[in-house]
Amino acid sequence: MKNSSQIVFVGLSGGVDSAVTAMLLKEQGYRVVGAHMKNWSKDIGGFECPWEDDYQEAKRVAVYLGVEFVLLDFEQHYFDKVVQYMLDEFRIGRTPNPDVMCNQEIKFKLFLEAAVDRGADLIATGHYARTHDGKLLRAVDDNKDQTYFLYRVTKDALDKTLFPLGELEKPQVRALATQAGLPNANRKESMGICFVGKIGIKDFLSEYIDTESGDIVEKGQVVGRHDGAIFYTIGQRHGLGLGGGMPYYVTGKDMEKNEVYVTRDLADQSLWSEYIDLTSPHFIDSSYGPSSLEGVTLQVRTRHRADFVDCVVAAGSSETSPIRLNLSSEIKALTPGQSAVLYRADECIGGGIIA
RNA sequence: UCGGAGAUCGUCUAAUGGUAGGACACUGGGUUUUGGUCCCAGCAAUCUAGGUUCGAUCCCUAGUCUCCGAG
């Protein structure tokens, strides 16, 4: 077979997507090694960590497919690079995206290095995305496209990465799993932070960060109490315990005063932004940058599965935010700490963190 | 203290002399590999005591409480 000389390490999470990924690559003739990353194993607040189940499921898949299986223990590194980052961001009142960091630091860096060390030519994951000549392209299945989470990977990593699911629709993936009789074909999708399992973010943060209750303020008036400003994120509507007529949305917060600001007016100026200041920009093709893109019109997405909005790249307002994106239409509830990801048609070219 | 107004789900409110609808909150489910959003479902109320009436949340009386004016 044409690919028989190539060794591919496939990240096997225990879920259906990565199992089908491994299966497809094996069918294509690659020498597949199933690798399960152990990133977290701690039980928290009465919630049992699912890692043992995930590990067993991943191993079952490998055995079923008849491929080699390895366990890669990244727990310490994951804590240092992903969890610590997440906690630090929350502490200063921002809303981080740990899965973006996980892809940047773990899956497409540490995992890649570990795989290469063990003789891999390539790695693969069950992400819905496509690569072409070191470019990152949106998945064929628009509903499942996961490029939003992948914009911080490098071209070098993409050159060594396969995303077979990027060409498929999710229902096809399910069908393939069922046809092949994969042991986890009917496994429920797992959601939430990839490692935390069923525990909510609030319980997770409470384990690591002390919080105090404070005021919820609307137009200068105290309208309620919250149990810790870090738990709230811009645009959030639930969890405030405030009733009466129109829903309340969080418009901002002051970590010093420990105050959370809300509005019931959807037209409230504080809820809408006409530009985005980006910090820590990253471009997959490192020849791109603030200067080469200035004046260029791109599409930006400020959350997973959000609509694309046209924007024009401009110079930033400071060293820490070297890029400003001027939006063609205002975006609601822009959230500092979340990612703004840039596209040119089907290509994801990079992005940055919302200042 | 006097004058005026009003008391309905946890909150904001709708309604009729025939036992109450909506919204928000909350809870559960769905969508989503972050947070959040969004969608569906569920929970839940006529201040108290009398009176009129076949029947009162609605009308009358008293009480309690609240709010707005004048001190």
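This is a predicted model: local features need pLDDT of at least 70, side-chain atom pairs count only at pLDDT 80 or more; totals for chains, interfaces and linings use all residues.
Partly exposed, as I use it here, means a relative accessible area between the 20% under which a residue is buried and the 50% over which it is exposed.

**Entry 1: aromatic pairs**

I searched the whole structure for aromatic pairs and found 10. I opened W40 and F79 to begin with: their ring centres are 6.2 Å apart and their planes meet at 20 degrees, so I log the pair as stacked. Next I asked which parts of the chain this pair ties together. W40 sits in the loop between strand 2 (31-38) and helix 2 (51-65), while F79 belongs to helix 3 (residues 75-91), so the pair joins parts that are 39 residues apart in sequence.

F79 comes out at 22%, so it is partly exposed.

I then turned to W51 and Y55. Their ring centres lie 5.4 Å apart with the planes at 40 degrees, so this pair is tilted. Both residues are in helix 2, four residues apart, which is about one turn of the helix. W51 has a relative accessible area of 16% and is buried; Y55 is buried too, at 15%.

Back at W40, I followed the ring pairs onward. They link W40, F79, F204 and Y208 into a cluster.

**Entry 2: charges over rings**

I looked for charged side chains over ring faces and noted two cases. K202 lies over the face of F231, at 5.2 Å from the ring centre. R324 lies over the face of Y275, at 3.8 Å from the ring centre.

Where does H127 lie? I find it in the loop between strand 4 (122-124) and strand 5 (130-132). Its relative accessible area is 10%, so H127 is buried. The side chain of H127 makes a polar contact with the side chain of T125, at 2.6 Å. Setting aside neighbours within four places in sequence, I list N103, K107, F108, Q146, L150, F163, L165 and G166 as the contacts of H127.

**Entry 3: nonpolar cores**

I looked up the largest nonpolar core and got 61 residues. The ones with the most contacts inside this core are F9, F74, I106, F111, L136 and F204. Helix 4 (residues 98-117) gives the largest share of the core, with 10 residues.

Not counting residues up to four places away in sequence, F111 touches F9, V10, G11, A35, M37, L72, F74, I106, I123 and A124. Another core lies apart from the largest one; it has 28 residues, among them L12, L24, A62 and A185.

How many strands form the open sheet, and in what order? I traced five, in the order 3-2-1-4-7, with parallel pairing. Strand 3 (68-73) and strand 7 (161-162) are the edge strands, each pairing on one side only.

Strand 1 (residues 7-11) and strand 2 run parallel and are joined by five bridges. For I7, I looked up the bridge partner in strand 2 and found R31.

How values were computed. Residues are numbered from 1 along each chain as its sequence is written. Chains are lettered from A and ligands numbered from 1 in the order in which they are written. Side-chain values use heavy atoms; hydrogens and water are left out. Rings of Phe, Tyr and Trp (its six-membered ring) pair if their centres lie within 6.5 Å; planes under 30 degrees apart count as stacked, over 60 as edge-to-face and the rest as tilted. Helices (H or I, at least four residues) and strands (E, at least two) are DSSP runs, numbered from the N terminus. Buried means under 20% relative accessible area, exposed over 50%, partly exposed in between (1.4 Å probe, protein chains only). A charge sits over a ring if NZ of Lys or CZ of Arg is within 6 Å of the ring centre and within 35 degrees of the ring normal. A polar contact is a pair of N or O atoms within 3.5 Å; within protein, one must be able to donate a hydrogen and the other to accept it, and residues adjacent in sequence count only if both atoms are side-chain atoms. Contact means heavy atoms within 4.5 Å. A nonpolar core is a set of buried Ala, Val, Leu, Ile, Met, Phe, Trp, Tyr and Cys residues joined through side-chain atoms within 4.5 Å. Two strands pair if DSSP finds at least two bridges between them.
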